Amino acid sequence: MSDELVFHFDIDGEDFTSAGQASVQIKKNLRQLGLPAEIIRRVSIAMYEGEINMVVHARGGQADVIVREDCIEIKLADKGPGIKNIEQAMQEGFSTASDEVRSLGFGAGMGLPNMKRYTDEMHIDSTVGVGTTVTMKVNYQ
């Protein structure tokens with residue numbers, strides 16, 4: 001692969017049933033490109049967790065997956081409420097999800113920790129009242 005490939009997804013924040021569609025599609029795309037199964041698994045998990053976070057906390061957003069020769073970069077951006085305390089949000093089990101969201105089986109406080117666990121690099125840029133951008137990288141060479 002000499003050029004980078006960019007896959008763009010609009011994440012619908014109004015519909016929990018559509019949450020995860022982008023991660024399923026990127027999994028298919030990466031398989032077609034012949035990438036290693038372990039890389040595909042890591043990208044899919046990080047992407048899914050990010051999608052769910054955008055639906056739960058930000059009413060959706062945008063996801064871009066950039067496939068390069070040596071890595072896959074995932075950029076997730078929303079215009080949600082922002083993260084007040086990133087260090088606290090990174091703690092396993094910490095969640096600001098509503099009771100309604102929790103009753104649907106989401107909001108266990110594992111999204112950001114899992115995103116970090118399954119990627120080689122992760123950076124969070126968040127401003128309260130403006131939104132959040134999470135950039136992750138999975139290396140494969």
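Biologist: Which residues does Q62 touch, not counting residues up to four places away in sequence?

Modeller: Q62 touches H8, F9, D10, M54, K75, L76 and A77. Contact here means heavy atoms within 4.5 Å. Keep in mind that this is a predicted model, where local features need pLDDT of at least 70, side-chain atom pairs count only at pLDDT 80 or more, and totals for chains, interfaces and linings use all residues. Residues are numbered from 1 along each chain as its sequence is written, and side-chain values use heavy atoms, with hydrogens and water left out.

Biologist: What makes the link between Q62 and D10 a polar contact?

Modeller: Their side chains are joined at 3.0 Å. The term asks for a pair of N or O atoms within 3.5 Å; within protein, one must be able to donate a hydrogen and the other to accept it, and residues adjacent in sequence count only if both atoms are side-chain atoms.

Biologist: Why is Q62 called partly exposed?

Modeller: Its relative accessible area is 40%. Buried means under 20%, exposed over 50%, and partly exposed in between (1.4 Å probe, protein chains only).

Biologist: How do you know that the length of α2 agrees with its residue count?

Modeller: At 1.5 Å a residue, its 22 residues should span 32 Å, and the end C-alpha atoms are 30 Å apart, which agrees. The expected span is 1.5 Å times one less than the number of residues. After α2 comes R59, with a positive phi near 55°.

Biologist: Which residues touch the most other members of the largest nonpolar core?

Modeller: F9, M47 and I72, in a core of 34 residues. Such a core is a set of buried Ala, Val, Leu, Ile, Met, Phe, Trp, Tyr and Cys residues joined through side-chain atoms within 4.5 Å. α2 gives the most to this core, with 9 residues. The contacts of M47 include F9, A22, I26 and V65.

Biologist: What makes β2 and β3 a pair?

Modeller: Two strands pair if DSSP finds at least two bridges between them. β2 and β3 have 6, in the antiparallel sense. D64 stands opposite K75 in β3. The two strands form a hairpin with 3 residues between them.

Biologist: How many bridges join β3 to β5?

Modeller: There are 8, and these strands also run antiparallel. C71 has N139 in β5 as its bridge partner.

Biologist: Why do you call β3 largely enclosed?

Modeller: 6 of its 8 residues are buried, so the rest of the structure largely encloses it.

Biologist: In what order do the strands stand in the sheet?

Modeller: The order is β1-β2-β3-β5-β4, an open sheet of 5 strands with antiparallel pairing. β1 and β4 are at the edges with a single partner strand each, so one side of each has no neighbour in the sheet. The twist averages 10° from one strand to the next.

Biologist: Which strands does α2 lie across?

Modeller: β1, β2, β3 and β5, running at about 5° to β3. Axes are lines fitted to C-alpha atoms, for helices over the stretch in contact, and angles run from 0 to 180 degrees between N-to-C directions. α1 lies across β1, β2 and β3, at about 160° to β1.

Definitions and conventions. Helices (H or I, at least four residues) and strands (E, at least two) are DSSP runs, numbered from the N terminus.
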